[in-house]
Amino acid sequence: MAYPSKKSADNTAIQQLKSDLAAGTVGTLYVFYGEEGYLKRHYLNQLKELCGGPFEAFNTVFLDGEQVSVQSLSDAVDSIPMGSEKKLVVVRDYKLMQPTGDLKEYLPKLLAELPDYICLVFYFDTMEFKPDKRLNLWKTLESKGQVIEFAQSSAASLIPWVKRHFYEHGKIIETPECDYLLFLCGTSMENLLTEIDKIAAGTPQERIDKGDIDALGSRVLEATVFELTDCLLEKQYSKGLLILRDLFDMKQEPVAVLAAITKQMQRLYGAKLAMVKGKGESEIAQILAFKSAYPARRLIQNARRCSLDYLRWVQKLCLETDLALKSNLPDPQRSLELLLLRFAEAAK
């Protein structure tokens, strides 16, 4: 079995961070944010290893956002590292763009004059970070540090990563099956690790196929809605209702389910319009911001079954259902079941 080769990430900021850390170069200031928790933790752990040295407990300080004050920051920054060139200070979930009290004046000055022996990381885990590029504080962050967004990766960069992790379990998975796995289980690396472990453990043979993924993988909402709309377009309305009720049994909120159905119908409409104008698979995938080719191919197949008039009509039905849900009707699940029945009527 050949070992899959590694591919570099396509994110420039992450690439720069990766190169710096590989060379043992640690900056003085970082902002880590974004939805890909796996990568955030991975690079924070690398910083810990480089800064910690033989006295990691002394050279690593963690502050939660609610603990941050002028005193706590100055205590963390002013003390020099022991047995290492760098000391790591991690501030988690602090409203960096909205400092209050004494920090409003202290923080910009601190960031502009950080000592060389400090590596200060503002780490956003449960809190969303919204850069405000109008502020002088933002200009300081950009000029003195690295602001890195860890967004979910594209399929092109994830496929080699998925293959490597299956290889570590002694399994082989080919590119089409990787593409299907990303469609079915989503592109969160954190979630994919769990799915890879589960599928590898439950598959006796060396090679992973689509049936193994279907049998053992956990579908994200978007993949389930794909299946639901497939049923509607194939006039399998009873099966579509069963899928919808399964979503409710899994405690999916009706508003979230409707949003996913509406998004899928909008994509179908967009794909149909693109096809009418002669656009191909790759162009449609780019227009609709798909991260892999598999859902684009599947969407094009479905769009061929629909007329533009039908797709315009279902947009109207989705909007009416959205208004009904926001009117605090007593049975939102019933409203969604009614939507599927109206889809069926429109198809006639």
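**Exercise 1. Decide whether aspartate 93 is buried or exposed, and describe its place in the chain.**

Solution. Aspartate 93 counts as buried, because its relative accessibility is 17%, and buried means under 20% relative accessible area, exposed over 50%, and partly exposed in between, with a 1.4 Å probe and protein chains only. The next step is to find its place, which is in the loop between E3 and helix H5 (103-112); here helices (H or I, at least four residues) and strands (E, at least two) are DSSP runs, numbered from the N terminus. Lastly, the phi of aspartate 93 is near 55°, a positive value in a residue other than glycine.

Before going on, note that this is a predicted model, in which local features need pLDDT of at least 70 and side-chain atom pairs count only at pLDDT 80 or more, while totals for chains, interfaces and linings use all residues. Residues are numbered from 1 along each chain as its sequence is written, and side-chain values use heavy atoms, with hydrogens and water left out.

**Exercise 2. Carry out the description of the place, phi and accessibility for lysine 251.**

Solution. Begin with the place of lysine 251, which is in the loop between helix H12 (237-249) and helix H13 (254-276). Its phi is near 70°, again a positive value in a residue other than glycine. Finally, lysine 251 has a relative accessible area of 70% and is therefore exposed.

**Exercise 3. Work out the strand order of the open sheet of five strands, and find which strands stand at its edges.**

Solution. The order is E2-E3-E4-E1-E5, with parallel pairing, where two strands pair if DSSP finds at least two bridges between them. Strand E2 (60-64) and strand E5 (146-149) stand at the edges, and each has a single partner strand, so one side of each is left without a neighbour in the sheet. From one strand to the next, the twist averages 15°. To look at one pairing in detail, take strand E1 (residues 29-33), which runs parallel to E5 and is joined to it by four bridges; the bridge partner of phenylalanine 32 in E5 is isoleucine 148.

**Exercise 4. Find which strands helices H2 and H4 lie across.**

Solution. Helix H2 (residues 37-52) lies across E1, E2, strand E3 (87-92) and strand E4 (118-123), and it runs at about 165° to E4. Helix H4 (residues 70-78) lies across E2, E3 and E4, at about 160° to E3. These angles run from 0 to 180 degrees between N-to-C directions, with axes that are lines fitted to C-alpha atoms, for helices over the stretch in contact, and contact means heavy atoms within 4.5 Å.

**Exercise 5. Find which residues touch the most other members of the largest nonpolar core.**

Solution. A nonpolar core is a set of buried Ala, Val, Leu, Ile, Met, Phe, Trp, Tyr and Cys residues joined through side-chain atoms within 4.5 Å. The largest one has 83 residues, of which Phe32, Val121 and Phe343 touch the most other members. Leaving aside residues up to four places away in sequence, valine 121 touches Tyr30, Phe32, Leu44, Leu47, Leu88, Val89, Val90 and Val91. A second, separate core of 27 residues includes Val31, Val61, Met97 and Leu137.

**Exercise 6. Find how many helices and strands the protein has, and what share of its residues is buried.**

Solution. The protein has 17 helices and seven strands, and buried residues make up 47% of its 348 residues.
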